[in-house]
Amino acid sequence: WFGLHGQTIETTTAVVHSGQASAYLKMRDSADVTGAKVYYLVQEVAPAEFPELISGYYRVDNWVRGTEKQYLQFVVIAFAPTNLTTDKEGNPLAEPYPNYQIRYPLAGISEEPFRIDNAFFDFLGREDPRQGEWVYFESNIKQDFEELWGAAPEGYSKIRVLFEVRFDDKEAGAPAEADVYYDDLYMGPAAANPNKP
């Protein structure tokens, strides 16, 4: 796991779902902070076949909403697939997108936070995050790409997966805070999912 744009990945042994540690995203943005900000952990892989399932657990503590668009999500990005060449309505593109995405809001928002031409939003949760407990999530990302983009990506250069807590369109006036933990993250065959609750 790594960070982008200078972010570093923190872990903690104080709050874990299993094992010795969990990934820890610490959001502490003061009332005067505006705009958008993302806290995340990232992994990039290039398997021969597009993975079938993502699953894992998240936990939220100390949720202080600083804006309507404050939420958790994970994002799957396929870079330069050779078989995806249409837009979101299925119309052929003169030039394919550099990458194709599905964004999976887990908690915190009930509507798409913004429009992005090369991404679908697939909601796994729309309520405020439940605090103080581990919450299981999963999605068959291969099936989702087939249904939303028309096919599972092939010929891609890499797949990037991000697990996030973030906000968008924040105005000055209230702090945005949260302690978010991710643990037991899995990507691979659905039949081998170790996280079945």
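How many nonpolar, polar and charged residues does the lining of the largest pocket have? By class, the lining comprises 7 nonpolar, 3 polar and 4 charged residues. The model under discussion is a predicted one.

The largest pocket holds about 170 Å³ of space. Its lining is made up of 14 residues, and those closest to the centre of the pocket are I77, R103, R160, L162 and E164. Several strands contribute to this lining: β3 (35-45), β5 (70-79), β6 (99-107) and β9 (158-170) each provide at least two residues. Of the contributors, β9 gives the most, with 4 residues.

The aromatic rings come next. A pair of aromatic rings is described by two quantities, the distance of the centres and the angle of the planes. The structure contains 16 aromatic pairs. One of them joins Y24 and Y181, whose ring centres are 5.0 Å apart and whose planes stand at 10° to each other, an arrangement that counts as stacked. Y24 belongs to strand β2 (residues 22-29) and Y181 to strand β10 (residues 176-188), so this pair ties together parts that are 157 residues apart in sequence.

Are these two residues buried or exposed? A residue counts as buried when its relative accessible area is under 20%. Y24 has a relative accessible area of 15% and is therefore buried. Y181 is also buried, because its relative accessibility is 8%.

Ring pairs also build a cluster, which links Y58, F74, Y104, F137, F163 and Y182.

In another case, the charged end of K158 sits over the ring of F79, and here the distance to the ring centre is 4.8 Å.

G66 counts as buried because its relative accessibility is 13%. Which residues does G66 touch, not counting residues up to four places away in sequence? They are K170, A174, P175 and A176. G66 can also be compared with A178: the two are 112 residues apart in sequence, while their C-alpha atoms are 10 Å apart in space.

Notes. Residues numbered from 1 in each chain as written. Predicted model: local features only at pLDDT ≥ 70, side-chain atom pairs only at ≥ 80, totals over all residues. Heavy atoms only, no water. 1 Å grid on protein atoms, 1.4 Å probe; cavity = no way out; pocket = protein on both sides within 12 Å on 5 of 7 lines; lining within 4 Å. Points joined across faces, edges and corners; volume = space filled by probe spheres on them. Nonpolar A, V, L, I, M, F, W, Y, C, P; charged D, E, K, R; others polar. Buried < 20%, exposed > 50% of the residue type's maximum accessible area, 1.4 Å probe, protein only. Contact = heavy atoms within 4.5 Å. Phe/Tyr/Trp six-rings, centres within 6.5 Å; stacked < 30°, edge-to-face > 60°. Lys NZ or Arg CZ within 6 Å of the ring centre and 35° of its normal.
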